[in-house]
Amino acid sequence: MKALKIFGLIVFSIGFFFFNATPFWADYRLTPSIIEKKITDPKKQDLFMRHAAPVMGHLFTSNHRFVAVLSDVFNKANKQQLELYQITQEDIEQILERSRNKFTTPEIDSVFRTSNEIAAFKNNAFRSFSNIPEGEAFESRAAFRARLQEVAEKVEKYGIINQAGFDRYAIKDLKYSLTKASSSGPVKSAPGMFLILTFGLCIAGAMLYITPKLEHQPGIRNNRIFFNPMKNTGWLGILTGTWLILFYILLYFFAEYMTNWVIMVDPVSQLINGHEAGKFFLYGFLYTLCILVMGVRFIIHYRHSKYQVLRTISVMFFQTAFAFLIPEILVRLNKPYYDFKNIWPLDYSFFFDYRLSEMIDHGTLGIFMIGWGLMLIIIGVPVMVYFFGKRWYCSWVCGCGGLAETLGDPYRQLSQKSLKAWRVERWMVHSVLLFAVVMTIGVLYTWFTTSSRFLFIDTYTLREIYGVYIGAAFAGVIGTGFYPLMGNRVWCRYGCPLAAYIGLVQRFKSRFRITTNGGQCISCGNCSTYCEMGIDVRWYAQRGQNVIRASCVGCGICSAVCPRGVLNLEVKDEKGRFGAPVLTGNNHVKI
Amino acid sequence: MKHVVIIGNGVAGITAARHIRKLSDHKITVISSETPHFFSRTALMYVYMGHLTFEHTKPYEDWFWEKNRIDLVFDHAQKIHSEKKEVTMASGKMIAYDNLILATGSRSNFPAWPGQELKGVQGLYSYQDLQTMESNTRGIKKAVIVGGGLIGVEMAEMLCSRNIEVTMLVREPAFWNNVLPIQEAKMISLHIASHGVQLKHEEELKEIFSERDGKVNGVRTKNDESIYCDFVGLAVGVHPNVELLKNTDIAINQGILVNEFLETTIPGIYAIGDCVERQHPLHGRKNIEQVWYTARMMGEVVAQTICDVRTRYEPGPWFNSAKFFDIEFQNYGNVGNSLQDEEADLYWEHPGGRKAVHLVWNKGTGQFDGINSFGIRLRHENFDRWLREKRSVDFVMDHLHEANFDPEFSERHEAEIRNLFYTAV
């Protein structure tokens, strides 16, 4: 059995080695046909083509070098466009010359004649970025000049790159898609084989490592956890955390360096949704596999508890069907991508204009999706939490919770239990909820009024900040990257706005609680140690008080690891839920 | 405001300190030479097994004591001068008190076996014992445990977690049979054996031998079997720690003698926890009870008395719990290891050998006496109430399902047990 485990570890390591090596295993060659395919706007296509001419057809053996070349092309193209379309000092002087300190449109038209393409652009840009009222008179020429220069600056900053060049979003997308399309080499020519060499070996190795656990009798097996460098924030844990953090940074911010991973899953994507894979297909695929493989580990580990087995099967099912397969199949059917179990504000983009439009454009199904999403927020969450507690979502359905409970299970003992951590948690998680609400109100305000200015902020900036700092950095990079450093529920505990919302319902209006068993607690601390949410369960158990906490996700592990049968997850009449501590003990002593 | 000095920072002493603080503004000082802060003694095994770190065994964070104005003194109390109301410390310091609470705990029994002083031979009770065990068992292959009781099985489980081969000498025909009825004792013996522990029943230690360096090399048993090993765990019970009380005017027998108010023979001095020997009888309870929760309850009670509400120690119906490898054990009321003449019983065991229930009641009156439960969690509240209300065994059978405390979706056995009861009775 031990040999089997070691063999599994070796197989996994080989697969993991291949996985990390694949991004470096390709050559890159840019060709006109790739550019034509990826840049559809003919003017921009032409612009890019001109600046890419010196490197066209050139073979690059390093991904890094190729991306640097692309960056250079984009920079040059943008620089040229800026020079070409900028409203120059000369233009401003001309306007001043003709207008005698009074702003009128005909003067502008006479400077920027629409017959000329560049002038026409300038004319258009000037109109859209100028906020000088028609007929405004200026005291002096200098004042007028200053106002005109302001407009010119705005055009330079916001107009030219957007319309005639490549803005940062376009550059980010194109760097990724051009790199992916320009790639050639073993992975591109045999993605299936590499899929087996990486994912295949990793899965096989992991299963070989996991299944020998069956030789142990069912029961809690936490032996040597705190001696394990992987599970006590030792060198292996730190290394794993670093790898995960880097992976997420690549995924969210530098996907152009991981195109080979995406190429590997192209055949899978073709099979399921009929399209080439995107980086988020790769992520979803990897995510689902992690939940499935580590779910098997979890089930074996806790197979003596039916509660644990059932809820793990549940998260495995919801991830595979609802989060992964159904949305991809919807795409195949030309319907909007939709995860029916994802709920705003965790699904923070639910009310974004492009998603609302997409759903509305799809008629009945789209309207149903909007209705379903709203129903979950307004009725689904409170009703389900009232009857079952927060756990119905956080540890039975949710994808983030699913990953935390499976891939993250080996790290649950690393969560901070101090009172200070609890204080930080409450401030932080409720701030994120508030941020999500304000951001969404802003976004909806823009949707209904078409004005992007809400109060004093730009709603597009607001939602971008939320997306980058909360959606990507907090939920992804920190949320999962910190598993081996701060426990498996960092995101759920400190960051998830949906958990905060559900938690408020659980705290104030629910039948759920963890009850304690009379006077049996011996204060050993297993419950607190293995609480992934960092609840000091023992504090409640040793004084005989129901555990009612907004953060409790009802994973049930405190009850499972208790050596004295003290803790139980129960749903009962609300009456007495907040009752005084009951510690069965000496007569007449009230505590 | 008076100065309350507590000797011992285990659960008894600390509970007393916490409750005195809740009830009053008295100055509180807790003296201990074991560890600077309170920890859960019962969790020491989990530190050795790597389930927890020592830090996790502390029920309160280190800032708690200062915030609640409980002064901790990490020193050894050496002498009590009850006439001067002072305690002398090992460091030479003197601490004056108005009230003194003795919560000195227990010590492991060492019944004068030849060789028990050898290196590699030890009991398990204190934090220091844990550290000794850590160094005594580093890199070893084989261990012998003497004693088939709670500490014995704990030590066996600890050693198994380090892949050390364990042999257990059990005086009785089955594990803990001096407490458990033979049926469940046998079931637990089988379970322990299934984890690779070799149990030698009806076997006792004769001597421990060393072949060189004063280090243990093995044991010889009463039946003259020699078992080679690198470590011997002595787990034959504990006795009240009364070292400090010898040659004082505070009366002791096996433990520190107290009345129903936990008062010693000297006014203003109280004793609580493991070190106590009660002089007033309590139904179904022994005079010396070395259990976590009795220590806790005594701490609660003595706090009341010290804060001017003189309160009797009346712990209610007996209960207990333990875990033997994977089998959890709970007990409510009195189930002896052998049936008394006036008693009848029912034993149900699951075919898997990991679950069992044993009920005992009075044959004549039908009154329910107690229950042992293995692998099935029971609600303390219900049994405490039923025992206090002197319910009949029929009532308990009819309401058994209400007392189930197992996690949701667990397999339920009440119907089976009830059927067995009605067929048997």
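This is a predicted model: local features need pLDDT of at least 70, side-chain atom pairs count only at pLDDT 80 or more; totals for chains, interfaces and linings use all residues.

Guide: In chain A, the axes of helix α13 (residues 259-273) and helix α14 (residues 279-301) come within 9 Å and cross at roughly 75°.

Visitor: OK, so how are α13(A) and α14(A) oriented to each other, roughly parallel or roughly perpendicular?
Guide: Angles from 65 to 115 degrees count as roughly perpendicular, so α13(A) and α14(A) are roughly perpendicular to each other.

Visitor: Which residues of α13(A) and α14(A) meet?
Guide: From α13(A) you have W261(A), V262(A), V265(A), V268(A) and S269(A), and they meet K279(A), F281(A), L282(A) and F285(A) of α14(A). That contact is made up of seven nonpolar residues, one polar and one charged.

Visitor: Switching to chain B: how many residues of α1(B) are buried?
Guide: Ten of its 13 residues, so α1(B) is mostly covered. Among the buried ones are V11(B), G13(B), R18(B) and I20(B).

Visitor: New topic. Where is G237(B)?
Guide: G237(B) sits in the loop between β16 (231-234) and β17 (238-240) of chain B.

Visitor: And why does G237(B) count as partly exposed?
Guide: Because G237(B) has 17 other C-beta atoms within 10 Å, and buried would take 20 or more.

Visitor: What is G237(B) in contact with, beyond its neighbours in sequence?
Guide: Leaving aside neighbours within four places in sequence, G237(B) is in contact with N109(B) and G149(B).

Technical notes. Residues are numbered from 1 along each chain as its sequence is written. Chains are lettered from A and ligands numbered from 1 in the order in which they are written. A residue is buried if 20 or more other C-beta atoms lie within 10 Å of its own, exposed if 12 or fewer, and partly exposed in between; C-beta atoms are placed from the backbone. Helices (H or I, at least four residues) and strands (E, at least two) are DSSP runs, numbered from the N terminus. Axes are lines fitted to C-alpha atoms, for helices over the stretch in contact, and angles run from 0 to 180 degrees between N-to-C directions. Angles under 35 degrees count as roughly parallel, over 145 as roughly antiparallel, 65 to 115 as roughly perpendicular and the rest as oblique. Two residues are in contact if their C-beta atoms, placed from the backbone, lie within 7 Å. Ala, Val, Leu, Ile, Met, Phe, Trp, Tyr, Cys and Pro count as nonpolar, Asp, Glu, Lys and Arg as charged, and the others, Gly among them, as polar.
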